[in-house]
Amino acid sequence: MAQAGSEISGRCLCGAVTFSAVAAKREVDVCHCNMCRRWAAGPYIGLPHDGEVAFTGDDSLGLYKSSEWAERGFCRVCGSSLFYHLLGTDHYSFSANALDDQSGLVMTEQIFIDEKPDYYDFANDTPKRTGAEVFGAFAANATDEVSDG
């Protein structure tokens, strides 16, 4: 599973909800935004994924629409945070801590660095973007997609 384009799988703490997908990369990012930290009880470390996802345990899968553009998936039984999903897209960010195999993951970016509290720092030397920079990048990508057709 340590190779790009490989199958990934994960689950909640109790195993009531599982997911699997084919991951293009083994790169994780860290979100320091207030919402993610409250939801994940710390910085959210996610493996971005664009594409199909297979879930089991749909009866136990809870969805919370946390903004106009995103929802968060969690287990209704044990409460585990499982993923962040951009509405209307196939973009997910799976909780790295929910993955069955976390070997070979590399932290490549930290976002919402302007909302990170002072009491922790990561030693990894990664690009660090503010919330305004993240939203600017999303807006630029949406404009590019509209311009491209």
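What is the order of the eight strands in the open sheet? The order is β6-β7-β8-β9-β4-β3-β10-β11, and the pairing is mixed. Strands here are DSSP E runs of at least two residues, numbered from the N terminus. Two strands pair if DSSP finds at least two bridges between them. The model is predicted: local features need pLDDT of at least 70, side-chain atom pairs count only at pLDDT 80 or more, and totals for chains, interfaces and linings use all residues. Residues are numbered from 1 along each chain as its sequence is written, and side-chain values use heavy atoms, with hydrogens and water left out.

β6 and β11 (128-129) stand at the edges of the sheet. Each has a single partner strand, so one side of each is left without a neighbour in the sheet. Strands of a sheet pair through backbone hydrogen bonds, either parallel or antiparallel. β8 and β9 run antiparallel and are joined by three bridges. F83 stands opposite F94 in β9.

Both F83 and F94 are listed among the residues with the most contacts inside the largest nonpolar core. This core has 19 residues, and I8, V17, F19, L47 and L82 are also on that list. At least two core residues each come from β2 (18-23), β3 (27-31), β8 (81-86) and β9 (91-95). β2 supplies the largest share, three residues. A nonpolar core is a set of buried Ala, Val, Leu, Ile, Met, Phe, Trp, Tyr and Cys residues joined through side-chain atoms within 4.5 Å.

Contact means heavy atoms within 4.5 Å. Not counting residues up to four places away in sequence, V17 touches G10, R11, C12, T56, G57, S60, L61, C75 and L82. S60 is found in the loop between β5 (54-56) and β6 (61-65). With neighbours within four places in sequence left aside, S60 is in contact with A16, V17, F74, C75, R76 and V77. S60 has a relative accessible area of 14% and is therefore buried (buried is under 20%, exposed over 50%, partly exposed in between; 1.4 Å probe, protein chains only).

D90 lies in the loop between β8 and β9. The relative accessible area of D90 is 42%, so this residue is partly exposed. Its contacts, leaving aside neighbours within four places in sequence, are H49, D50 and G51. D90 and I113 are 23 residues apart along the chain, and their C-alpha atoms are separated by 25 Å.

Definitions and conventions
Helix = DSSP H or I, 4+ residues; strand = E, 2+ residues; numbered from the N terminus.
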